[in-house]
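User: Could you walk me through a model I have open? I would like to start with the terms and then go into the side chains.
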Amino acid sequence: MSPKSETDAAAGALRAKRAQRGRRGKGGSALANPTARESLRRADPILRKLIDAHPDFRPRAWLDELPPLDALGTLIFQVVGQQLSVSSTRAIVSRLQERFGGRMPSREELLAADPRELRASGMSTRKGATLRALAERFLDGRLSDKSLARMSDEEVEAALTEVPGIGPWTAHGFLIVALDRPDALLSGDLALRRAVQRVYGFDHPPTEGEMVELAERWRPYRSLTVSYLFASEYEKGT
């Protein structure tokens, strides 16, 4: 199978997987899992108010605005977005796609690309090097859509953080965005910490340790909590 055929097949599988998920809303995304939602309501009275205020919440609705992404495409999106706002990330990704025929570059194209071409899209030299390191691993088989999907959360984190430039934030985000895993936490994310500070009444942005401690009550549905808190933060226009 050619690289393009493999990419098309992976994207098709992802579209089929999304189509099979739960009850769909007007935007195509599934409503929040009712079992997870009720578990979180019982476990956390503060979170209960946020959940009750959003009865039709669709945690993955924002993905409807993006084209279907395979594992490498998702990681490109996440690496570009490190330390950047969502709007800045999308602007850089859009410029990157323009340089590759309106789509995310393949692993071969990333390796063949002049680093200056990647920088011209708006990403740093370091991020360009990270994308090349990812492309090498997808090309030689150390990483693949199938292997990542089969791994446990811990194994995915270990495999991804071996790549220079990828840390826990990117790995945990991949668990949520690409693999739809239910119990991932972005404990170091600044926007999430701001949301927790506001919703839970902290007098400071909580530390990673405080985030991890608070999130114990959200297990095994920490990913859904993250989605609710992110949504509440962006709703207020921050």
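Analyst: Helices here are DSSP runs of H or I with at least four residues, numbered from the N terminus. By that numbering S223 lies in helix α14, and please keep in mind that this is a predicted model.

User: Is S223 buried or exposed?
Analyst: S223 has a relative accessible area of 6%, and because buried means under 20%, S223 counts as buried.

User: What is S223 in contact with, beyond its neighbours within four places in sequence?
Analyst: The residues in contact with S223, once those neighbours are left aside, are I176, R181, P182, D183 and A184. As for D183, its backbone nitrogen is reached by the side chain of S223 at 3.3 Å.

User: And how far apart are the C-alpha atoms of S223 and H172?
Analyst: They are separated by 9.4 Å, although S223 and H172 are 51 residues apart along the chain.

User: Switching topic, how many aromatic pairs does a search of the whole structure find?
Analyst: The search finds 3 aromatic pairs. In the pair of Y200 and W218, the ring centres are 6.2 Å apart and the planes are at 50°, so this pair is tilted. Y200 lies in helix α12 and W218 in the loop between α13 and α14, so the pair ties together parts that are 18 residues apart in sequence.

Definitions and conventions
Residues are numbered from 1 along each chain as its sequence is written. This is a predicted model: local features need pLDDT of at least 70, side-chain atom pairs count only at pLDDT 80 or more; totals for chains, interfaces and linings use all residues. Side-chain values use heavy atoms; hydrogens and water are left out. Rings of Phe, Tyr and Trp (its six-membered ring) pair if their centres lie within 6.5 Å; planes under 30 degrees apart count as stacked, over 60 as edge-to-face and the rest as tilted. Helices (H or I, at least four residues) and strands (E, at least two) are DSSP runs, numbered from the N terminus. Buried means under 20% relative accessible area, exposed over 50%, partly exposed in between (1.4 Å probe, protein chains only). Contact means heavy atoms within 4.5 Å. A polar contact is a pair of N or O atoms within 3.5 Å; within protein, one must be able to donate a hydrogen and the other to accept it, and residues adjacent in sequence count only if both atoms are side-chain atoms.
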